[in-house]
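Here's a quick briefing to read with the structure open beside you.

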Amino acid sequence: MRMFLAISLILSTLCSFAKPITRADAVSSLSVPLVQSHSLEGKYPSIIHQQHINRGLQRRLFTQGQPLLSNTDLLNRISRRVSSLLLHHAKVHSSHLETQAEDVGYYGPMEMGTPSRTFQLLMDSGSADLWVGAEDCQCDDGTSCGKHNFLGSTVSSSFHRTQEIWVLSYGTGDVSGYLAYDKVSISGLAVAQHKFGVAQNESRDFSGDVPFDGILGLAQSKASRQHTISFLESLKNAGHIDHAIASYHIPRQRDGKNDGELTLGGMNPKKYDPSYMITVSNINDRGFWEVPIDDIQVNGKSLGLTGRSAVLDTGSTLCLVPSADTTSIHRSISDSRFDGNAWIIPCKMTTSIALTIGGKTFPINPLDVAWIPVSDERDESECYSGVSEGGVPTDGHTAWLLGDVFLKNVYFSTNHDTNEVTLARLL
């Protein structure tokens, strides 16, 4: 029997029902736990804010097929924030500061090899490749790749190495290795010989104290830099799911509901309002997920910004917006100010920012826009905005990236078969 596979972002196993976009009758689905991989803890909020901006900016440039910024450029952006801190904190040091935030998103268990071993993988709509660490994996400095699970012929009798090599750069770090075939399964649904990456070298961003063992990309196969078929499409080819669909309900930690979920093979009708839903064609020709934006409103008033588009990326935290658009938005927010590096807004603001996509308007909860308090001394009167300036001279000033700040407010579904994106209002 073919099944729809639902993956829950909560810490306990659930049963649910999933439905394809075609509205066929639902069948039983399987659930496995996913865990949020990142936090906003840190001593200097302004540096954390810039690290997340840098990460989102690199991801946005890559999905648009544009050159990534150099490490020098990223470091200069961090240094400007450090310089501002030095005016207030004499003991700030920048020698060991990361230029970007570590990988953000949600991870969960997959089984690999014979006998099966459990690997915690980051689920990422903004990439298309699957990889885990190799048995002989080494960090850039020659040390081991940390306390992770690794894969190879020693631990798996069904493991077959190829001579094909690959290199991936996520902006936050680099990984490289060879391609291999092995049994890969999720919640009991197995692809006998799936082709994927095994990393022999990982930069410190991946080999350090991170809670996941690799990444599962959920963009389209043509976005694969390993030139492999995505695992989602392999699941469909193996007959385990009828539709190569990935659907996301991203939880808001402040709500305390632990009700997030990733569904493979369809949409979970218990999560969204079918009367308030749109499906639009994907306009990204590189295999990522991008939609046109019809309009942007603040408190119900259109800002007159047209011709914009946005990449939808579960692997980014913030909304990255060109400079002129960011200014237009924040000038409509009472008591907002620009400190020379970033926009600052009242933490308890009630201003509504909304995007119209496919003829439907989707507001962003003010809780998500007021992203992190400016002060590291528990003063929550002012916050850095989650709608952040992320423009670069080559972007044409029209490309946005919508991360979790927006995606927490919608049910988000991608269909590989029809090359379409669906957004719906959450129940």
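**Cores, a sheet and some ring pairs**

The largest nonpolar core takes in 81 residues, and Leu312, Trp400 and Phe406 have the most contacts inside it. Apart from that core lies another, of twelve residues, with Trp131, Trp166, Val210 and Phe212 among them. Keep in mind that this is a predicted model.

**Around Phe406 and Leu318**

- Setting aside residues up to four places away in sequence, Phe406 touches Leu312, Cys319, Leu355, Ile357, Phe362 and Ile364.
- Leu318 and Phe406 are 88 residues apart in sequence, yet their C-alpha atoms are 7.9 Å apart in space.
- Leu318 itself is found in the loop between strand 19 and strand 20.
- Is Leu318 buried or exposed? Its relative accessibility is 1%, so Leu318 counts as buried.
- Beyond its neighbours within four places in sequence, Leu318 has contacts that include His49, His52, Ile53 and Trp371. Gly386, Ser388, Leu401, Leu402, Gly403 and Val405 are also in contact with Leu318.

- Five strands make up an open sheet with mixed pairing, in the order 16-19-28-20-27.
- Strand 16 (290–293) and strand 27 (387–389) are the edge strands; each has a single partner strand, so one side of each is left without a neighbour in the sheet.
- On average, neighbouring strands of this sheet are turned by 30° against each other, ignoring direction.
- Strand 16 pairs with strand 19 (residues 308–312) in the antiparallel sense, over four bridges. In strand 19, Arg308 is the bridge partner of Ile293.

**Helices on the sheet**

- Helix 1 (residues 45–63) packs on the sheet, where it touches strand 19, strand 20 (319–321), strand 27 and strand 28 (399–402). The direction of helix 1 makes about 120° with that of strand 28.
- Helix 5 (residues 323–330) lies across strand 19, strand 20, strand 27 and strand 28. Against strand 27, helix 5 runs at about 135°.

**Aromatic pairs**

- How many aromatic pairs does a search of the whole structure find? The search turns up five, and two of them are described below.
- Phe159 and Tyr178 form an edge-to-face pair, 6.4 Å centre to centre with 80° between the planes.
- Phe159 lies in the loop between strand 8 (150–151) and strand 9 (160–169), and Tyr178 lies in strand 10 (residues 174–186), so the pair ties together parts that are 19 residues apart in sequence.
- Phe159 counts as buried at 9% relative accessibility, and Tyr178 is buried too, with a relative accessible area of 5%.
- Tyr276 and Phe362 form an edge-to-face pair as well, at 5.8 Å centre to centre and 80° between the planes.
- That pair links distant parts of the chain: Tyr276 sits in strand 15 (residues 272–281) and Phe362 in strand 24 (residues 360–364), 86 residues apart.
- Tyr276 counts as buried at 17% relative accessibility; for Phe362, also buried, the value is 2%.

**Charges over the Tyr276 ring**

- Which residues lie over the face of Tyr276? Lys360 is one of them, at 4.8 Å from the ring centre.
- Arg425 also lies over the face of Tyr276, at 4.0 Å from the ring centre.

Terms used: Residues numbered from 1 in each chain as written. Predicted model: local features only at pLDDT ≥ 70, side-chain atom pairs only at ≥ 80, totals over all residues. Heavy atoms only, no water. Pairing = 2+ DSSP bridges. Helix = DSSP H or I, 4+ residues; strand = E, 2+ residues; numbered from the N terminus. Axes fitted to C-alpha atoms, helices over the stretch in contact; angles between N-to-C directions. Contact = heavy atoms within 4.5 Å. Phe/Tyr/Trp six-rings, centres within 6.5 Å; stacked < 30°, edge-to-face > 60°. Buried < 20%, exposed > 50% of the residue type's maximum accessible area, 1.4 Å probe, protein only. Lys NZ or Arg CZ within 6 Å of the ring centre and 35° of its normal. Core = buried A, V, L, I, M, F, W, Y, C linked by side-chain atoms within 4.5 Å.
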